[in-house]
Every structure is written in structure tokens, then in C-alpha cells.
Amino acid sequence: MRYIESPYTDAYSNMALEEVVFRRLPRSEEYFMLWQNKNAVVVGRYQNTAAEVNAPLLEEKGVQVVRRLSGGGAMYQDEGNLNFTFVVNQQGEKNLDFTLFIRPVVRALEKLGAPAQQSSRNDIVIDGKKISGNAQYNSQGRTMHHGTLLYASDLDAVDAALTPAADKIATKGVASVRSRVTNIAEWLPAPVPLAHFKRLLVEEMFAEGDVTPYALTRQDHAAVQALRREKYATWEWNWGRSPAGGLYKKQRYPFGGVEVWLNTNAGRITGAHFAGDFFGNGEVGALSAALAGCRRVRQDILDALQDTDVGYYIHGLAAEALADLVLQ
């Protein structure tokens, strides 16, 4: 097995690197990779991104949002979080046992003195609290298994990033399980730097065989950046692939309360119904018509409303405030 330590801390690049390893590197080899992201939320392949994240907060904080190849739930990641990836050829059954990949991680944690266990949901827990989520993607006789390890992450940021603001959500996507989480570092008998834990983890992964480092070539880096640009850094992949769903928004202003029910599909607004105790002129359905087909992107919403006098239909409400409401 070859060992790759990602040189990137950019979530878009790391997702692209996983796919390059999975699809482009020689299938005669199997690979183990460690990587870290700066502040990012990684959502599952089948999730409705809008239903999983607090989009205004993430935009304000400059947190990246990226969709991965595998299913499962959304995860907040920062530099206190360590990620691992296996890329192997399938053996026998199409769905490999998660235990095969999780066991060496648990062994490494036990060596450090952390009482880790594998849960029934393919997670790793300590005292019933989640420290690692795992997922798999299978294609053309190849398996990618990846997991995340909460080592010393900002758990307040985890909660804030994955809690949509003021939403009541009814969606056809797969909502994340809001598991209780904890940091590995809190359970160690003595402080251990993350770099040391990383070395121990690699040693455990290769305890029964030699580790052969793989140095990414110039062509590998070029392939990663091309895939980053064309796929993983795009709105179409990260937001536009979201399944159909419904979002409920509500906000009280000095002039009254405004409620909006949004229907969405592929990240675009397919319908909007307004209600509230506000005053206005004409038919508020004109706002719904203006928003139809619009991406849930602030500038797109403002462009869609540029020829519509929002305040005419909802007295006191400006286009900018309406965009904030739709995106909250």
C-alpha cells in the first residue's frame, strides 16, 4: 500500500485529490491518505446542501462548502480535524466491511489511552460520543473509504455550521444525524500533539506491512487543480445537485412579520409563497414569479429582483432584505 500525505488544506483541492487517486493512479496499487482542511463543511453526495448548513454564517466566516463522492451526513472540518482515505480494489462483496478500515484507527486511539469503540453506525465513539464518521464510495471494482477524526476541533463551530438558521425544513434529501460529538484530545491521559497522533496512526495502518510513500507528480497536481476548477469549486456540484425539497423562512421586521415557503430543486427556487402580517399593494405572487428559476445565490436573487419593486408588494422590505430572508 502507498501512503500519501496531502499538501493541501483547501477542501476543494482535497476532494479533487481523492478522486484523482481513486480514478487516475495505477490500479495495481492501493493507497492510504491523510489530509486536513481549513474551515469547511463537507456534505454527502445525496444531501440537500441548503438543508444542512447555516449558509449566511458560512459565507460570513469564509467557510468552504463542498460535496463529496460518498453518501452519509454533513461534517464540519477545521485544522483540529484529521481525515483519512483508503483507496483499494474490491474483494468479493461490493460493499466492504467498514470494520476493515476502522479497526486500525481504533487500535491507534487505544495505544494513546483513548477508550474508543466502533459504533453500529460505522462511526467511532468514546463514551457514546462521536469522534469519527465514515463513508464509502464504490465504482468500477474500486472502493474509496474515508473518515474524519475530531481531534481538537472547535465544537461550537461544528454546531453552528451545521444548524440552518431559523429553518423548519421538509426535504427529500438525506438529513444528517445530529450526533453528540467530542474531541479525542479531551480523553487522552496526557497531551499529545496532533502531529504525533498522525505518525502513530500511520504506523498502525502499516503495522503488518511496509509503508511506501507516494510523491505526487506534476501531472497529479495539474489533474487535481483541473478537477478542483471544473467540479469541486463549482456551485453546480456543491449546491446545484441538491434534491428537491422545501424550506420555511420567517423574519419579523419593524413593519411586520414575513414568512416564505420555498420549493427548491437542483439548488434553484421553483416556487415561493409569501405570508405574514405586513401591508402591501398588488399581488405578492409577483415576487414569487420574479424568483422562479433563480439559484439560491445572493447576487442571482438581486439580479432577478432588479426590475421588481419589492417594497410595493411588501411595504418596508427592500430587495436586499428579501435576499437575506431567502438565504437565511
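## A tour of the predicted chain

Of the 328 residues in the protein chain, 54% are buried (buried means under 20% relative accessible area, exposed over 50%, and partly exposed in between, with a 1.4 Å probe and protein chains only). This is a predicted model, in which local features need pLDDT of at least 70 and side-chain atom pairs count only at pLDDT 80 or more, while totals for chains, interfaces and linings use all residues. Residues are numbered from 1 along each chain as its sequence is written, and side-chain values use heavy atoms, with hydrogens and water left out.

**Whole chain.** Start with the cartoon view. The chain has 12 helices and 15 strands; helices (H or I, at least four residues) and strands (E, at least two) are DSSP runs, numbered from the N terminus. Along the principal axes, the C-alpha atoms fill a box of roughly 75 × 45 × 35 Å. Take the contacts between residues at least 6 apart in sequence: 73% of them join residues at least 24 apart. Contact here means heavy atoms within 4.5 Å.

**Nonpolar cores.** Next, select Val 41, Phe 274, Leu 291, Ile 301, Leu 305 and Leu 322. These have the most contacts inside the largest nonpolar core, which has 40 residues. A nonpolar core is a set of buried Ala, Val, Leu, Ile, Met, Phe, Trp, Tyr and Cys residues joined through side-chain atoms within 4.5 Å. Which helix gives the most to this core? Helix 12 does, with 6 residues. Apart from this core lies another, of 32 residues, with Val 106, Ala 108, Leu 194 and Leu 200 among them. In soluble globular proteins, nonpolar side chains tend to be buried together.

Now centre on Phe 274. Not counting residues up to four places away in sequence, Phe 274 touches Val 258, Glu 259, Val 260, Val 284, Leu 287, Ser 288, Leu 291, Ile 314 and Leu 322.

**Ala 272.** Select Ala 272, which is in strand 15 (residues 268-276). Is Ala 272 buried or exposed? Ala 272 counts as buried because its relative accessible area is 13%. With residues up to four places away in sequence left out, Ala 272 touches Val 260, Trp 261, Leu 262, Ser 288 and Leu 291. For a sense of scale, draw a distance from Ala 272 to Ser 119: the two are 153 residues apart in sequence and 41 Å apart in space, C-alpha to C-alpha.

**Asn 83.** Move to strand 6 (residues 81-89), where Asn 83 is found. Asn 83 is buried, because its relative accessible area is 1%. Show its side chain together with that of Thr 148: a polar contact of 3.2 Å joins the two. A polar contact is a pair of N or O atoms within 3.5 Å; within protein, one must be able to donate a hydrogen and the other to accept it, and residues adjacent in sequence count only if both atoms are side-chain atoms. Leaving aside neighbours within four places in sequence, Asn 83 is in contact with residues including Met 33, Leu 34, Trp 35, Gln 77 and Gly 147.

**Empty space.** Rolling a probe the size of a water molecule over the atoms shows where empty space is left. On a 1 Å grid over the protein atoms alone, a cavity is a set of points where a 1.4 Å probe fits but cannot get out, and a pocket is an open set with protein on both sides within 12 Å along at least five of seven lines; lining residues have an atom within 4 Å of a point. Grid points are joined across faces, edges and corners, and a volume is the space filled by probe spheres set on the points.

The count comes to 3 cavities of 30 Å³ or more. About 80 Å³ of space lies in the largest cavity. Select Trp 35, Arg 68, Met 75, Gln 77 and His 146, which are the closest to its centre of the 13 lining residues.

The second largest pocket holds about 510 Å³ of space. Of its 24 lining residues, Ala 55, Glu 59, Trp 239, Arg 296 and Leu 327 are the closest to the centre. Helix 3 gives the most to this lining, with 4 residues.

**Two loops.** Finish at Asp 127, in the loop between strand 8 (123-126) and strand 9. Its phi is near 55 degrees, a positive value in a residue other than glycine. Asp 127 is exposed, because its relative accessible area is 54%. Then select Gln 140, in the loop between strand 9 and strand 10. Phi of Gln 140 is near 50 degrees, also positive in a residue other than glycine. Gln 140 counts as exposed, at 69% relative accessibility.
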